[in-house]
Amino acid sequence: MLPHYLCSHIQNAFRARHQHIAVPHSTQNLAILSILLRAGFLSNVTRGTIEAPSPTDFLAAGDSHKRIWADLKYRDDRPVLSEMALISRPSKPVFMDVGEIRRMCTGRRVQNVKPLRMGEIAIVKTKDRENQWLEAREALQMRIPGEVICRAW
């Protein structure tokens, strides 16, 4: 399943100037939010319930009540993350080998995908079980091909 909901939810929350967002708990959402946190687009990511971010309550909650809470980051009253867009779509997944990821990261167009600009990241889903979700530059460094899911800037 592609993260359509997560991309639009984060973008809308930044535009509405929210301080926190809560998204359903899943491995995919946690991985993508962790990548955004490492890239500096978010200030904090924690587990919680529908009511509040609380790791202790998370353990006791049922699956339908579990949420991932993210604190959004702003600089000079402007959102740090200006946009998040899908690259792979259900009708057209975009798989790239290591050479194509390298070209995208170094400023060249690949498979009708625009190159990454300064301060922009791309999220790659790999078949490697230990490193299933990576930022494009991490996938390039580890030499792991995969599906380019979305980009954020």
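Modeller: A polar contact is a pair of N or O atoms within 3.5 Å; within protein, one must be able to donate a hydrogen and the other to accept it, and residues adjacent in sequence count only if both atoms are side-chain atoms. The model is predicted, so local features need pLDDT of at least 70 and side-chain atom pairs pLDDT 80 or more, while totals for chains, interfaces and linings use all residues. Residues are numbered from 1 along each chain as its sequence is written, and side-chain values use heavy atoms, without hydrogens and water.

Colleague: Which backbone oxygen does the side chain of Thr-126 reach?

Modeller: Thr-126 lies in strand 8 (residues 121-126), strands being DSSP runs of E of at least two residues and helices runs of H or I of at least four, numbered from the N terminus. Leaving aside residues up to four places away in sequence, Thr-126 touches Gln-132, Leu-134 and Ile-144, among others, where contact means heavy atoms within 4.5 Å. At 2.5 Å, its side chain reaches the backbone oxygen of Asn-131.

Colleague: Why does Thr-126 count as buried?

Modeller: Buried means under 20% relative accessible area, exposed over 50% and partly exposed in between (1.4 Å probe, protein chains only). Thr-126 counts as buried because its relative accessibility is 4%.

Colleague: What is the order of the open sheet of 3 strands?

Modeller: Strands pair if DSSP finds at least two bridges between them. Strand 2 and strand 3 (residues 66-72) run antiparallel, joined by 7 bridges, and Leu-42 stands opposite Leu-72. The edge strands, each pairing on one side only, are strand 1 (20-24) and strand 2 (42-49). The order of this antiparallel sheet is 1-3-2.
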